[in-house]
Every structure is written in structure tokens, then in C-alpha cells.
Amino acid sequence: MTTKAQAQAALLAIADAIVEAVGAAPAGIPGGHLYAMLMPFGCNLAAFEGIMAALVKTGKLYKVGHVYMVQQ
């Protein structure tokens with residue numbers, strides 16, 4: 001059974017991995033590509049949109065059109 005703390009730690013690890021991946025791409029990464037990378041791990045569209053909205057809202061990422069980027 002997964003505890004709340006384990007679930008929170010997993011979500012933070014996923015968010016950090018997304019930010020790291022986007023930061024490694026100078027021109028950013030389209031949202032569809034990020035979603036496609038997470039789908040095999042059971043991430044549905046609603047969860048993906050929630051994660052990405054949180055990353056944008058907290059300033060970890062920003063979005064131009066459909067492309068996510070980090071502040072350089």
C-alpha cells in the first residue's frame with residue numbers, strides 16, 4: 001500500500017524529472033511529447049494537465065503555445 005508521503009515523494013520526483021528534461025532542451029519540449037513520455041507509466045491526460053499547470057503556476061516552467069520551457 002502506498003502512503004500519502006510516498007505518493008507525495010513520487011509526485012515531486014516526477015515534477016523534478018519533467019523540469020530537468022525541459023531544461024535540457026534549449027528550445028523547450030512540446031506538451032504532447034511530455035505527455036507521450038508519461039503515458040506508459042499510467043499518467044492520464046487529467047493528471048498530466050494538473051502536473052503541468054502546477055509547474056507553470058509555481059514558476060518552475062512557462063508555456064509558449066504548446067511548448068514548455070524553463071527560464072534561462
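**Helices and overall shape**

Author: Let's start with a pair: the axes of helix H2 (residues 31-38) and helix H3 (residues 45-57) come within 11 Å and cross at roughly 125°. This is a predicted model, where local features need pLDDT of at least 70, side-chain atom pairs count only at pLDDT 80 or more, and totals for chains, interfaces and linings use all residues. Residues are numbered from 1 along each chain as its sequence is written, and side-chain values use heavy atoms, leaving out hydrogens and water.

Reader: Why is H2 called oblique to H3?

Author: Under 35 degrees counts as roughly parallel, over 145 as roughly antiparallel, 65 to 115 as roughly perpendicular, and the rest as oblique. The angle here is roughly 125°, so H2 is oblique to H3.

Reader: Which residues of H2 and H3 meet?

Author: Gly31, Leu34, Tyr35 and Leu38 in H2 meet Leu45, Phe48 and Met52 in H3 (contact means heavy atoms within 4.5 Å). They split into six nonpolar, one polar and no charged; Leu, Tyr, Phe and Met count as nonpolar, and Gly as polar.

Reader: How much of the protein counts as buried?

Author: Of its 72 residues, 25% do (buried means under 20% relative accessible area, with a 1.4 Å probe and protein chains only).

How values were computed: Axes are lines fitted to C-alpha atoms, for helices over the stretch in contact, and angles run from 0 to 180 degrees between N-to-C directions. Helices (H or I, at least four residues) and strands (E, at least two) are DSSP runs, numbered from the N terminus. Buried means under 20% relative accessible area, exposed over 50%, partly exposed in between (1.4 Å probe, protein chains only).
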